[in-house]
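Colleague: I am new to this model and should like to understand the terms used to describe it. Would you take me through them one at a time?

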Amino acid sequence: MSLIFCRECGIKVSEYAKSCNNCGYSIQNYHHQKRENETVKYNNSAWIISGYLTPFLALLLHPMFVLVALFIGSFNIVKGNYVHGLIQIAISIFFGIIGVFVNLFLFIL
Ligand SMILES: [Zn+2]
């Protein structure tokens, strides 16, 4: 059994208690919110990882993946992950240009 701090009054409460002994704040509510926050974090990292992987797909498979990568990059910016989003957009444009040249080169050959 572990103790957590009540969000309302700050005293230590058992994590299995339904509500705080001191102020009556609902601890179950706290667990619920915590789980929701963790889900949001998990979803964000999934988007960030795919934002870095998609540009490589553009390089390896088809330049069209650059559009997907740009979309995911902008999506990450909209979600507040500015640094990752901007890096991903930069990589996407860079790989997109390389991808087009590689395809032209293969076409000419
Ligand atoms: Zn309390």
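Modeller: Let us begin with helix 1 and helix 2, whose axes are 8 Å apart and pack at an angle of about 160°. The model is a predicted one, in which local features need pLDDT of at least 70 and side-chain atom pairs count only at pLDDT 80 or more, while totals for chains, interfaces and linings use all residues. Residues are numbered from 1 along each chain as its sequence is written.

Colleague: What makes helix 1 roughly antiparallel to helix 2?

Modeller: Axes are lines fitted to C-alpha atoms, for helices over the stretch in contact, and angles run from 0 to 180 degrees between N-to-C directions. An angle under 35 degrees counts as roughly parallel, over 145 as roughly antiparallel, 65 to 115 as roughly perpendicular, and the rest as oblique. The angle here is about 160°, and helix 1 is therefore roughly antiparallel to helix 2. Their crossing is left-handed, a term used if the near helix is turned anticlockwise from the far one by less than a right angle, with right-handed for clockwise.

Colleague: Which residues of helix 1 and helix 2 meet?

Modeller: Contact requires that the C-beta atoms of two residues, placed from the backbone, lie within 7 Å. In helix 1 the residues that meet helix 2 include W47, I48, G51 and P55, and their partners in helix 2 include F65, V66, A69 and I72. The residues of this contact divide into eleven nonpolar, five polar and no charged. Ala, Val, Leu, Ile, Met, Phe, Trp, Tyr, Cys and Pro count as nonpolar, Asp, Glu, Lys and Arg as charged, and the others, Gly among them, as polar.

Colleague: How do you know that the length of helix 1 agrees with its number of residues?

Modeller: The expected span of a helix is 1.5 Å times one less than its number of residues. For the 34 residues of helix 1 this should give 50 Å, and its end C-alpha atoms are 50 Å apart, which agrees. Helix 3, with 27 residues, reaches 39 Å from its first C-alpha to its last, close to the expected 39 Å.

Colleague: Which residues of helix 1 are buried?

Modeller: A residue is buried if 20 or more other C-beta atoms lie within 10 Å of its own, exposed if 12 or fewer, and partly exposed in between, the C-beta atoms being placed from the backbone. In helix 1, I48, G51, T54, P55 and A58 are buried, and they pack against helix 2 and helix 3. In helix 3 the buried residues include H84, Q88, I91 and F95; the buried residues of helix 3 pack against helix 1 and helix 2.

Colleague: Why is N29 called exposed?

Modeller: N29, in helix 1, has 12 other C-beta atoms within 10 Å, so it is exposed. Its C-alpha atom is separated from that of I87 by 37 Å.

Colleague: Why does L53 count as partly exposed?

Modeller: L53 is also placed in helix 1. It has 13 C-beta neighbours inside 10 Å, and therefore counts as partly exposed. L53 and A69 are 8.2 Å apart in space, C-alpha to C-alpha, and 16 residues apart in sequence.

Colleague: What makes L61 exposed?

Modeller: L61 lies in the loop between helix 1 and helix 2. With 10 other C-beta atoms within 10 Å, L61 is exposed.

Key: Helices (H or I, at least four residues) and strands (E, at least two) are DSSP runs, numbered from the N terminus.
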